[in-house]
Amino acid sequence: MDLYDVIVIGAGVSGCAVARELARRDARVLVVERADDVCCGTSKANSAIVHAGFDAQPGSLMAKLNVEGNRLMYEWAQELNFGVIPVGSLVVCVSEDTRDGLTALLERGRANGVPDLRIIERDELVQMEPNIADEAVAALWAPTGGIVDCFGLTIALAENAVANGVEFAFNQQVVDVRRDGDAWLVVTPQATLRTRAVVNAAGVYADDIHNLVAQPDDALRIVARKGEYYLLDTTAGAHVRHTVFMLPSAMGKGVLVSPTVHGNLIVGPTALDVDDKEATNTTPDGLAQVASKCSLTVKDVPLREVITTFAGLRAHQDAHDFRIGEVAGAPHFYDCAAIESPGLTSAPAIGVMVAGLVADGLGLADKPAGAFDPTRPGYANLNIIDFDAWGRLCEQDPAYGNIICRCCRVSEAQIVDTIHRNPGARSLDAVKRRTGATMGRCQGGFCTPKIMEILERELGMDAREITKRGPGSELVLGLNKDAVADPSAKEGGEA
Amino acid sequence: MGNSIEKRAIVIVGGGPAGLAAAVAAHEAGERDVLILERDTQLGGILNQCIHNGFGLHTFHEELTGPEYAARYVAQVDELGIERRLGTMVLDISEDRVVTAVSATDGITRIQAGAVILAMGCRERPRGALAIPGYRPAGIYSAGTAQRLVNIEGQLPGREVVILGSGDIGLIMARRMTFEGAHVQCVAEIMPYSGGLKRNIVQCLDDFGIPLLLSHTVVDIEGRDRVEAVTIAEVDERMKPIPGTERRYPCDTLLLSVGLLPENELSREAGVELSGVTRGPVVNERLETSVPGVFACGNVLHVHDLVDFVSQEAAAAGRSAAAYVARGEDAAAQRVDIVATDGVRYTVPAYLSGSDLDQDVTLRFRVGGVFRDRYVSVYLDDERVRHAKKRILTPGEMEQVVIKADQLRERAPHTVTVKLEEE
């Protein structure tokens with residue numbers, strides 16, 4: 001049996017960040033993922049915020065990795081070409097009674113090492129954010145806060161990992177991990193894989209994986225904490241200019257209102273612990289809560305411009321800190337667990353930290369200088385390039401002139417590009433996450449059949465094999481009249 | 001590219017029924033320099049996937065399918081030698097009518113147009129816009145997307161189907177899916193009346209025994225990968241679901257026919273004023289928008305039920321654009337507002353330009369509810385000049401009323417009012 005140096009369980013943003021950082025080492029690394037693509041769990045359904053780092057308790061792992069991750073996020077965006085915009089964030093105080101809380105947050109942020117924090121008064125706040133609620137009295141201003149393309153980040157990490165030798169296995173759910181001599185066996189229904197080290201980055205299921213190898217008194221419990229969101233059309237994208245949080249008050253915790261890197265407006269989330277770790281459904285109550293809470297900080301949020309709603313599940317644990325490190329009694333089995341908010345922001349720092357732990361534990365050497373390429377080409381973004389640059393792209397590849405998704409301006413060339421990269425897009429949602437196609441105001445009404453055609457053509461698949469997000473989510477269930485009995489057969493066959 | 005800029009008299013954005021009829025009419029009005037830009041690979045627009053019949057009763061006095069209706073206009077466009085560029089997507093229209101487009105054959109091109117006719121059509125309101133709670137699996141399609149899959153691609157989106165919304169495309173697809181071997185369980189409509197044409201309810205639902213559940217909506221969608229079931233509940237007068245009325249329908253597909261929205265992103269970028277009611281441009285009797293030399297017609301202007309009226313309206317826009325190019329901008333005149341009230345939601349046009357009203361004006365409008373035995377009245381200032389009884393008016397059927405040119409000239413009104421009256 002082949003022996004891997006490291007198997008990473010889970011191809012979310014944490015797993016992909018760890019894999020990418022491990023790719024700097026001389027090691028054989030495999031990422032095993034139950035879904036058909038990277039970024040299919042918590043990493044794809046969250047606020048997509050780059051947190052400044054004032055929230056976490058000073059001294060916690062969360063605080064350290066958030067601030068470090070924030071810094072790395074902007075750096076990595078340069079070399080990995082994913083979308084991040086340092087719009088800055090505001091924590092809005094809507095009552096003089098809670099002003100102390102604002103000061104406390106400022107102090108906490110400073111203790112965590114967040115740069116350039118300051119409290120701004122209402123006049124300045126209104127200047128910065130004209131649609132701020134009339135009740136707003138002051139805010140904590142964090143210029144290092146930002147927004148990020150959570151899909152783009154995860155995909156960039158994965159592509160860069162593959163380019164540097166990391167392997168990925170999709171549609172494989174890990175069902176067991178057990179010790180085998182000096183190594184670990186990672187078991188999926190398709191294969192039993194042998195590895196020297198395991199990284200547990202299984203998101204809301206990290207407790208199941210942890211508990212397979214941990215001692216009885218070291219059991220981990222991850223609770224799925226649901227967050228529901230509204231996503232509004234780009235016509236509403238400028239309703240706020242920064243990420244607007246609410247300072248918790250007697251009115252409750254509030255929800256955030258923020259522009260997104262795709263130009264939309266995001267509003268949410270709720271926070272409700274659920275038993276079912278697959279319960280990514282939205283609910284009437286949850287959506288109603290978001291609709292009412294957003295007005296606590298921002299006026300006239302144009303909810304009629306909603307184009308979709310969604311829910312994500314955070315991997316919450318009671319201790320409310322990241323669980324990172326070697327599991328007691330399980331040599332070279334590393335948890336990368338309970339990565340809840342600010343987990344996305346922290347991902348780069350988590351990648352560096354976990355890869356460091358594994359490399360030290362296994363004694364992995366760095367690749368020779370120049371053997372690791374930290375850069376990864378981005379996808380063309382036809383929404384931000386000027387027409388002359390677009391024209392030059394068309395000269396290189398005429399398919400840049402064939403618009404497939406009219407709402408989000410995605411051309412055939414970009415979609416073909418997503419399919420032929422590694423890991424490449426194999427499903428409609430995989431194309432969506434890489435290009436933004438289907439994410440616009442018509443929600444795929446016009447472009448779904450066209451993308452299906454391109455997938456069929458490029459992958460040599462039949463339409464009936466094309467899925468929304470992997471096996472079981474087939475987009476069409478048959479061909480016209482294939483279920484209608486053949487009349488000629490009927491004549492001879494039935495009495 | 002770069003410095004070179006092409007000059008054309010009339011550029012028509014969209015080669016569907018509106019764009020085709022506008023092109024033909026502009027040509028017939030004497031303007032030979034007409035260019036159609038179409039993003040699809042063929043002319044005809046959405047008609048190409050509307051393979052059912054019922055098109056053309058007014059225009060050609062016979063029942064045609066959508067592709068047949070389109071073919072009649074394409075033949076005229078061919079015969080007249082009107083230029084068209086296919087696979088060409090317009091990206092931007094500036095206020096001074098520079099049209100920027102992209103295509104695989106020509107890359108980015110810029111055209112200075114003497115006049116622009118907006119004929120981009122409309123799109124379907126998606127599931128997300130309704131914020132229906134539940135999962136987001138495969139198997140949820142807008143009716144038009146399903147229509148394309150079935151009628152163009154020959155693919156069956158699903159086998160056990162529930163339809164939300166009784167817009168015409170949803171009704172047509174209820175019948176089509178049945179023909180193709182799927183089972184349609186019901187059509188749920190949140191309003192107490194259908195948004196579709198009466199004839200479609202009879203021919204597409206009643207004839208196939210498909211129930212229409214008025215005042216009902218979908219309150220939950222189950223299925224993580226593919227739709228497994230939807231829950232439908234009755235709603236109260238405020239359209240809120242009534243607890244206890246929920247019923248679960250196991251199915252693999254949910255089709256949505258919950259409204260059409262004029263596709264006006266380009267118009268907005270061009271600075272065209274849009275109506276909050278129709279979501280289309282605010283136009284005068286020449287179908288000219290707030291940007292001089294930019295005209296609009298068809299579903300981009302307001303959503304129609306019958307393509308025949310799209311063609312009529314578009315022809316008027318084509319003639320207006322030709323006249324604009326020949327004559328140039330009119331001197332500013334006192335604009336005459338048209339007030340839509342008492343059950344009338346809007347009118348197209350929304351105002352009269354006020355300058356030489358030498359032609360009859362056709363006002364098209366929709367009502368905001370179901371009304372029986374009402375009069376459609378038109379007032380020029382305080383004087384009632386039209387008073388026509390209608391047995392029934394519904395939001396699903398567009399109405400029209402004509403104001404005579406001589407009456408307008410004679411009375412020179414400051415305001416025109418269109419309303420429903422009981423007597």
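Modeller: C39(A) counts as buried because its relative accessibility is 0% (buried means under 20% relative accessible area, exposed over 50%, and partly exposed in between, with a 1.4 Å probe and protein chains only). When the whole structure is searched, over all chains, zero disulfides are found, a disulfide being a pair of cysteine sulfur atoms within 2.5 Å. C39(A) is accordingly in no disulfide: the nearest cysteine sulfur belongs to C150(A) and is 5.5 Å away. C405(A) is likewise in no disulfide, and the nearest cysteine sulfur to C405(A), that of C408(A), is 4.1 Å away. With a relative accessible area of 2%, C405(A) is buried.

These values belong to a predicted model, in which local features need pLDDT of at least 70, side-chain atom pairs count only at pLDDT 80 or more, and totals for chains, interfaces and linings use all residues, while side-chain values use heavy atoms without hydrogens or water. Residues are numbered from 1 along each chain as its sequence is written, and chains are lettered from A and ligands numbered from 1 in the order in which they are written.

Burial in chain A also extends to a glutamate. E159(A) is placed in helix 5 of chain A, which covers residues 150-163 (helices, H or I with at least four residues, and strands, E with at least two, are DSSP runs numbered from the N terminus). The relative accessible area of E159(A) is 6%, and this residue is therefore buried.

The strands of chain A may be considered next. Strand 8 of chain A consists of residues 146-148, and two bridges join it to strand 4 of chain A, with the two strands running antiparallel. One residue pair can be named here: V84(A) has V148(A), in strand 8 of chain A, as its bridge partner.

Why is strand 16 of chain B described as largely enclosed by the rest of the structure? The reason is that five of the six residues in this strand, which covers residues 229-234, are buried. Strand 15 of chain B, residues 216-222, runs antiparallel to strand 16 of chain B, and six bridges join them. Within this pairing, I221(B) has V230(B) of strand 16 of chain B as its bridge partner. Strands 15 and 16 of chain B form a hairpin, with six residues between the two strands. In the turn of that hairpin, G223(B) has a positive phi of about 115°. Strand 16 of chain B also pairs with strand 17 of chain B, residues 247-250, in the antiparallel sense and over four bridges. In this second pairing, I232(B) stands opposite R247(B), a residue of strand 17 of chain B.

Conventions. Pairing = 2+ DSSP bridges.
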